[in-house]
Amino acid sequence: CDNPTLAITFSTPLYDPAIHQRPALTSDVFLRILKMQLSYLFGQIDSAYENIIETEKILEVAYGIPLIQEHHLYSALCLSDLIIQKPKVSKRIYMKKIKKSLKLYKKWANVCPENFAAKYHLLKGKVLEIRQKYTSAQQCYHDAIRLVEAHGQIHVQAMAYERLANIKDHLNKHNDEPLLQKAIIAYTKWGATQKVKQLESLLKD
């Protein structure tokens, strides 16, 4: 660069670790998001919080790592379940994180609805469930299902059908078999065989 005013200097101690550790950091984030996903799908949310916090720490210092959207999806879903299932948890802290994720997904959905609109409605439905606004939550889940039919992402449709069945169960005190069957079909298409077995066991009860 001939113009000294345009010269840019970099601090090697600050930048080199991020460069050399990027593959390891990405793998760590992927693994932790996978654990969050499994924690949410199988209702083992107590183990999810540590992975949420550790992933947040990585994303704070390693900008541009892929999967950040998936982190916000599954961390918000897990935290929502923590609030719903355990009212005595730190609701204020969790809600702050959930609202941040929801705000990001709304922004992403406006830019690229094909990729993010269905997930935005899924997350919005969970927030409405926390507030016990079940009619509005159900509408959000139906919107997510409709968007999946237009744009894909069958796993989002599966989760939306399962949430609809859970709301019916909560309000009517019994499993909604048609909705569970639809969730099973969607999870089967996604290849989530263990999740299918879990839901099928509910139909047998």
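How many residues does helix 2 have, and how far does helix 2 reach from its first C-alpha to its last?

What you have on screen is a predicted model, where local features need pLDDT of at least 70, side-chain atom pairs count only at pLDDT 80 or more, and totals for chains, interfaces and linings use all residues. Numbering starts from 1 along each chain as its sequence is written, and side-chain values use heavy atoms, with hydrogens and water left out.

Okay, the overall layout. The protein has 9 helices and 0 strands, where helices (H or I, at least four residues) and strands (E, at least two) are DSSP runs numbered from the N terminus. Read from the N terminus, the elements go α-α-α-α-α-α-α-α-α. Of the 205 residues, 43% are buried. For the cut-offs: buried is under 20% relative accessible area, exposed is over 50%, and partly exposed is in between, with a 1.4 Å probe and protein chains only. As for contacts, meaning heavy atoms within 4.5 Å, take those between residues at least 6 apart in sequence: 58% of them join residues at least 24 apart.

Back to helix 2. It has 14 residues and reaches 21 Å, close to the 20 Å expected at 1.5 Å a residue. The expected span here is 1.5 Å times one less than the number of residues. Which residues of helix 2 are buried? That would be A48, N51, I52, T55, I58 and L59. Looking down the axis, those buried residues fall within an arc of 130 degrees, so they line one face of helix 2. The arc is taken from the directions from the helix axis to the C-beta atoms. On the other side of helix 2 you'll find E50, E60 and V61, which are exposed. Quick reminder on the geometry: an α-helix has 3.6 residues a turn, so residues three or four places apart point the same way.

Now, rings. The structure holds 5 aromatic pairs. A pair here means rings of Phe, Tyr and Trp (its six-membered ring) with centres within 6.5 Å; planes under 30 degrees apart are stacked, over 60 edge-to-face, and the rest tilted. One of the pairs is Y49 with Y94, tilted, at 5.2 Å centre to centre and 45 degrees between the planes. Y49 lies in helix 2 (residues 48-61) and Y94 in helix 4 (residues 91-111), so this pair ties together parts that are 45 residues apart in sequence.

Leaving out residues up to four places away in sequence, Y94 touches Y49, L79, L82, I83 and V89. Y94 and C78 are 16 residues apart in sequence, and their C-alpha atoms are 9.7 Å apart in space. C78 itself is buried, at 0% relative accessibility. C140 is buried too, at 6%. And disulfides, meaning a pair of cysteine sulfur atoms within 2.5 Å? How many does a search of the whole structure find? It finds 0.

Another ring pair is W108 with F116: the centres are 5.6 Å apart and the planes at 40 degrees, so that pair is tilted. W108 is buried at 17% relative accessibility, and F116 is buried at 13%. Ring pairs also bring in Y105, giving a cluster of Y105, W108 and F116.

There's a charge over a ring as well: the charged end of K195 sits over the ring of F42, 5.8 Å from its centre. The criterion is NZ of Lys or CZ of Arg within 6 Å of the ring centre and within 35 degrees of the ring normal.

Next, helix 5 (residues 113-130). Its 18 residues should span 26 Å at 1.5 Å a residue, and the end C-alpha atoms are 25 Å apart, which agrees. Helix 5 is mostly covered, with 14 of its 18 residues buried.

Last item, for anyone who checks backbone torsions. Most residues other than glycine have a negative phi. Just after helix 5, though, Q132 takes a positive phi of about 60 degrees. Q132 is in the loop between helix 5 and helix 6 (134-151), and is exposed at 58% relative accessible area. Then there's Q153, with a positive phi near 75 degrees. Q153 is in the loop between helix 6 and helix 7 (154-172), and is partly exposed at 22%.

Conventions:
Disulfide = S-S within 2.5 Å.
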